[in-house]
Amino acid sequence: MSDLNKLGLAEARDALRKGDVTSVELTQACLSAIEGAGALNAFVHHTPEIAHAQAAAADARIKTGDAPAMCGLPVGIKDLFCTKGVPSQAGSRILEGFLPEYESTITQNLFDSGAVMLGKLNMDEFAMGSSNETSVYGNAINPWKVDDRDLTPGGSSGGSASAVAADLCLAATGTDTGGSIRQPAAFTGITGIKPTYGRCSRWGTIAFASSLDQAGPMTKSVRDAAIMLEAMCSHDPKDSTSANLPVPNFEAMLSGDIKGKKIGIPKEYRMDGMPGEIETLWANGTAMLRDAGAEIIDISLPHTKYALPAYYVIAPAEASSNLARYDGVRYGHRAKLDEGDGITEMYEKTRAEGFGPEVQRRVMIGTYVLSAGFYDAYYNRARKVRTLIKKDFEDVFAQGVDAILTPATPSAAFGLGEASDDPVAMYLNDIFTVTVNMAGLPGIAVPAGVDAQGLPLGLQLIGRPWEEGDLLNTAYALESRAGFVAKPKKWW
């Protein structure tokens, strides 16, 4: 079997169980693809020795006939997840040389399920960014190309998106604080799901904004997302926000039957200046779900317009608290000090050298909104807005709506450097996704078409809390009708 790295999780799993291929062969195909794709800068820490050992162990496990769904499947791990003995830097210089003594719950769950780790993937520094241009490793590059322009793969999970779209791995882990799984997935023509807050453990995942962060899979199909999500999820006593709920067999719920389901179309997502191709994509997606037997309902989420400003108060506030631990004392980067420098100078110089401009900007914003004179004026007001946003969704779901359909992004992938000088323009990339994090809901991005230049465009489905199975099934019905099969032409 040739081009093994181009397989999806479901195809590879079935081939492994039939004995048509081994995990060692799958893994080597991916490692070879990674070696030839340095131009994408998707993988930043390579772990071939670990991969070969895990693949051999998976093959032995498969022969026993007792192999979980992820057994033997090679995946990439976002650099935000701590991996024991492997560099885990969160894309930042401040964590240079950090080798965790422990495994994150997400990676441990995947390894317990037999998954193979190919290496660590590029990302925006501390997950702060929408274009992967804030990474200490340099930007990852989208495998899709137009007129020889280097395009962003999105952020912060840009390396994960690029690697999956370019077939460097069968799937990858991502994290989503304001759209960092769904936006890159849409930009690269893959599938990405952010589960309900609390469905995946945050233990061992380097924190950005603790009340918003959630891990999720980035895959080549909805079925693959269902397979990988089940392996990632668990109740974890080490994470106080982890939900003690059973994890369903998400793949078994993919019937594609959505007859009678009510799909909401929120009027507030029709933004001024929205490109016509995004409007058309949204209308086409609505028609596809209607043709599948769903009932389309116009809905209102009145506090949507306040979501982005409220998010950019809450997320930096939590970031400023979380990042206070990086001081150059116990681990990571420490600045070289001059004679006579004390601990204050060590903090100042280390953080100035270790944190990039975007992280510094958000830490300063967060510190400002949490300060004594502005806590009530900004942070507390943003928390109240968040409650109203959550209630908007609760009211809609109480009316019987099963899922909500929106665009995933306001445009196709843009060129690297085109928005990096304007932070506000960059933040607007999250306009369709941040509400989902603010409300703690599950959301999934599915490729559904291309723009005039042939670049992929994605649609987003938002589901009820804890009903990822129903959400995945609706996404499966949409995917089946969209028939998106385009792949980037190899240039790297």
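Which residue in β9 is the bridge partner of Gly264? Select Ile404: that is the β9 partner of Gly264. Keep in mind that you're looking at a predicted model.

β7 and β9 run in the parallel sense, with two bridges between them. Now colour β9 by burial: five of its five residues are buried, so the strand is largely enclosed by the rest of the structure.

β9 and β11 are antiparallel and are joined by five bridges. To see one of the pairs, pick Pro407 and look across to Leu459, its bridge partner in β11.

Time to zoom out and show the whole sheet. It is open, has eleven strands and mixes its pairing, in the order β1-β3-β2-β4-β6-β5-β10-β11-β9-β7-β8. Find the edges at β1 (43-46) and β8 (295-299), each of which pairs on one side only. Between neighbouring strands the average turn is 30 degrees, ignoring direction.

Now for the helices on this sheet. Select 23-35, which is helix α2: it packs on the sheet and touches β1, β2 and β3 (116-121). Its direction makes about 20 degrees with that of β3. Then select 276-291 for helix α8, which lies across β7 (262-266), β8, β9 (403-407), β10 (443-450) and β11 (456-463). Against β11, α8 runs at about 55 degrees.

Back in the sheet, show β5 (residues 191-194) and β6 (residues 214-219). They run antiparallel and two bridges join them. Click Thr191 and you'll find its β6 bridge partner at Thr219.

Helix against helix is the next stop. Select α4 (residues 105-112) together with α7 (residues 222-232): they pack at about 110 degrees, and their axes are 8 Å apart. That makes α4 roughly perpendicular to α7. Show side chains and you'll see Ile106, Asn109 and Leu110 of α4 meeting Met228, Ala231 and Met232 of α7. By class, this contact has five nonpolar residues, one polar and no charged ones.

Last stop: Ala67, in the loop between α3 (48-63) and β2 (74-78). Leaving out residues up to four places away in sequence, Ala67 touches Arg17, Arg61 and Ile62. Then draw a C-alpha to C-alpha distance from Ala67 to Ser113: the two are 46 residues apart in sequence and 7.8 Å apart in space.

Definitions and conventions:
Residues are numbered from 1 along each chain as its sequence is written. This is a predicted model: local features need pLDDT of at least 70, side-chain atom pairs count only at pLDDT 80 or more; totals for chains, interfaces and linings use all residues. Side-chain values use heavy atoms; hydrogens and water are left out. Axes are lines fitted to C-alpha atoms, for helices over the stretch in contact, and angles run from 0 to 180 degrees between N-to-C directions. Helices (H or I, at least four residues) and strands (E, at least two) are DSSP runs, numbered from the N terminus. Angles under 35 degrees count as roughly parallel, over 145 as roughly antiparallel, 65 to 115 as roughly perpendicular and the rest as oblique. Contact means heavy atoms within 4.5 Å. Ala, Val, Leu, Ile, Met, Phe, Trp, Tyr, Cys and Pro count as nonpolar, Asp, Glu, Lys and Arg as charged, and the others, Gly among them, as polar. Two strands pair if DSSP finds at least two bridges between them. Buried means under 20% relative accessible area, exposed over 50%, partly exposed in between (1.4 Å probe, protein chains only).
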